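The following exercises concern a structure shown below.

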Amino acid sequence: MRQGKGKDRIENMALAIHDLGKSYGGVPVFRHVELLLEEGGVYCLRAPSGAGKTTLLRILMGLERPDEGWVEGLKGRRVSAVFQEDRLCPALNAAENIRLANPGCSREALHRELLELLWEDSLAKPISTFSGGMRRRVSLLRALLSPGELLLFDEPFNGLDDQSRQAAVDYVKKKRNGRTLLFTTHHPEEAEALRARCVIWEESLKTWRLAR
Amino acid sequence: MKHLAKQTGILLFWLAVWQAAAWLVGRPIFLVGPLETVQAFFRLLGQAAFWQSVVSSLGRIGTGFVLAFSLGLLCGAGAYAWPLFGEWIAPVVTMIRTIPVASFVILALIWTGADGLALVISFLVVFPMIYLHTLAGLQAADVQLLEMAEVFRIRFFPKVWHIYRPALAPYLISACKTALGMCWKSGVAAEVIGTPDHSIGEKLYMAKIFFSTDELFAWTAVVILLSGLFERLVLYVLERLMGEDSRKNRSKDAAGERKG
C-alpha cells in the first residue's frame with residue numbers, strides 16, 4: 001500500500017483514503033473510495049452486511065492490502081482496535097489481557113478502569129469463564145487503554161445489553177481523549193450517542209462516502 | 001477405592017496366570033514366573049554392575065532424548081518462521097522417519113561404535129516426532145490472536161508465551177508421550193545389537209547367552225520401570241512449563257460461550 005506521497009498526512013486530516021478498492025475472487029467489495037477523516041473526528045461506517053466494513057477496517061489496521069488506491073496518515077501511527085471477534089487470550093484475566101497490549105499501564109490505574117465496566121469479583125478470573133458481554137467490554141477497555149492514536153472499532157457494542165451498552169458508550173466518550181475514532185455499527189442510536197459523522201454506503205457505485 | 005480394588009484384582013489374576021503357566025511349563029529356561037523374576041530383580045539390585053548399567057543406559061538414552069527434543073523444537077520453530085528452511089529440512093526428516101531403525105543401528109555402529117549407539121538411535125527416533133509436532137502446534141496458533149498482536153504491536157516474548165505456547169502445548173505433550181516410549185524401546189534394542197560395555201542391552205544379551213531367563217525378565221522389568229519413571233519426570237516438567245494454559249483453554253469450550 002502506498003502511504004503518503006512524500007508527506008505523512010494532510011494537514012488536519014487523520015486519514016486520507018484515495019481511490020481505494022478491494023476485490024475477492026474478481027468480485028469487487030468496494031471501489032474508488034475517497035474519504036478524508038479529520039483529526040480527532042468520530043466517524044461511523046453504516047451499511048448492510050457484505051459492504052466491506054470489516055475489510056475497510058482491516059486495510060486501515062494493516063492486516064490486508066488494497067487492490068487499488070492508497071491511504072495517507074497511517075505511517076508510523078499506532079492503531080487501537082476492537083475486532084469483530086473479541087480476540088482475548090482465554091487463559092489470562094482481564095487485566096493481563098490489557099497489559100499484554102499496553103505493558104506500560106500501571107496496575108492501580110488499570111484496576112480502577114476495569115471497575116468502570118466490570119465487577120470486582122470477575123477480575124481475577126480467566127477470560128475463558130467470562131460471558132460474551134463481559135468479553136466485549138474487556139475488548140473495548142483494551143482498545144481504549146492502549147496508546148493507539150487511531151481507534152478502529154468493528155461493532156464495538158455488539159452483544160451488550162441496553163444497560164451495559166450505555167455504560168460502554170459513555171466510557172468511549174470519556175476515554176477517547178480526542179483521538180480519531182472510526183467504528184462500524186448496525187444501530188443508528190450508537191452513532192447518535194457518540195455524535196459520529198456517518199460514512200454511508202452507495203450500493204450502485206459500490207463505494208463509501210461521507211454523509212452530508 | 002472400588003476402582004483400585006478392581007484393578008488390583010485384575011493384576012493379581014494375570015500374575016497368577018503367569019505363575020501357573022511357569023509351573024505348568026516347568027522349565028525355567030523357557031519361562032520363569034513372577035516370583036523368580038522378583039527374586040532375580042532383588043539379586044540384581046545388590047550388584048554394583050546393575051547400577052552402573054542403569055546409569056549408563058539412562059545417560060545415553062536420556063541424552064539422546066534431550067538433544068532430539070531441543071533440536072526438534074528449534075528446527076520446528078525455524079521451519080515455522082522460515083518456510084524455506086522447512087522445505088530444505090523436509091527430505092532429511094522424511095529420510096529419518098522412513099529408514100528402518102535396524103539400518104540406522106548398523107550405520108551408527110560403523111560411525112560411532114557401540115558406546116554412542118543408544119544415544120544416536122534415541123535421537124533419531126525422537127527428533128522427527130518433536131520436529132513435526134512443533135511445526136504443527138505452531139501452525140495451529142490462533143490467527144485472530146496473532147493479528148491482534150500485530151495491530152497492538154505486542155512484543156516477541158509475550159507473543160510467544162501467551163499465544164504460541166498454549167497452541168504448542170497439546171502437540172508437544174502428545175509427541176513426548178509417544179517419543180518417550182519409543183526412545184527407550186529402540187535405545188535398548190540398539191544396545192542389544194551393539195552390546196556396549198555396562199549397558200542394559202549388554203546385560204539382556206548376556207542373559208540370553210547364559211540362558212538366565214529370570215534375569216532377562218528382571219532386566220525387562222527394569223527397562224519398563226525406567227521408561228515409566230523417565231516419562232513421568234519429563235511430562236511433569238513439560239506440563240508445569242506448558243500445561244497450565246492448555247488446561248485453561250480446554251475449559252473455554254465448556255464455560256466460554258455463555259451469553260452476556
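**Exercise 1. State what percentage of the residues in chain B is buried.**

Solution. A residue is called buried if 20 or more other C-beta atoms lie within 10 Å of its own. In this predicted model, chain B has 260 residues, and buried residues make up 34% of them.

**Exercise 2. Determine how many helices and strands chain B has, and whether chain B is spread out or compact.**

Solution. Step one is the count: chain B contains ten helices and zero strands. Step two is the radius of gyration, which is 23 Å for chain B. Step three is the comparison: the globule rule gives 18 Å for 260 residues, and the value for chain B is well over this, so chain B is more spread out than a compact globule. The C-alpha trace of chain B spans about 75 × 55 × 30 Å along its principal axes.

**Exercise 3. Identify the residues that touch the most other members of the largest nonpolar core.**

Solution. The largest nonpolar core has 113 residues. Those touching the most other members are A:Leu152, B:Ile121, B:Val126 and B:Ile130. Helix 8 (residues 156-194) of chain B supplies the largest share of this core, 15 residues. Leaving aside residues up to four places away in sequence, A:Leu152 touches several residues of chain A, among them A:Leu57, A:Met61 and A:Leu182.

**Exercise 4. Classify B:Arg43 as buried, exposed or partly exposed.**

Solution. First, locate the residue: B:Arg43 belongs to helix 2 (residues 34-45) of chain B. Next, apply the cut-offs: 20 or more neighbours means buried, and 12 or fewer means exposed. B:Arg43 has 13 C-beta neighbours inside 10 Å and therefore counts as partly exposed. Finally, consider sequence and space together: B:Arg43 and B:Glu215 are 172 residues apart in sequence, while their C-alpha atoms are 9.2 Å apart.

**Exercise 5. Find which helix of chain B has the lowest mean pLDDT and which the highest.**

Solution. Over residues 245-260 of chain B, pLDDT stays under 50. Where pLDDT is low, predicted coordinates should not be read in detail. For the complex, the predictor gives an ipTM of 0.91 and a pTM of 0.84.

How values were computed
Residues numbered from 1 in each chain as written. Chains lettered and ligands numbered in written order. Predicted model: local features only at pLDDT ≥ 70, side-chain atom pairs only at ≥ 80, totals over all residues. pLDDT = per-residue confidence, 0-100. Helix = DSSP H or I, 4+ residues; strand = E, 2+ residues; numbered from the N terminus. Contact = placed C-beta atoms within 7 Å. Rg over C-alpha atoms; globule rule 2.2 N^0.38 Å. Core = buried A, V, L, I, M, F, W, Y, C linked by C-beta atoms within 7 Å.
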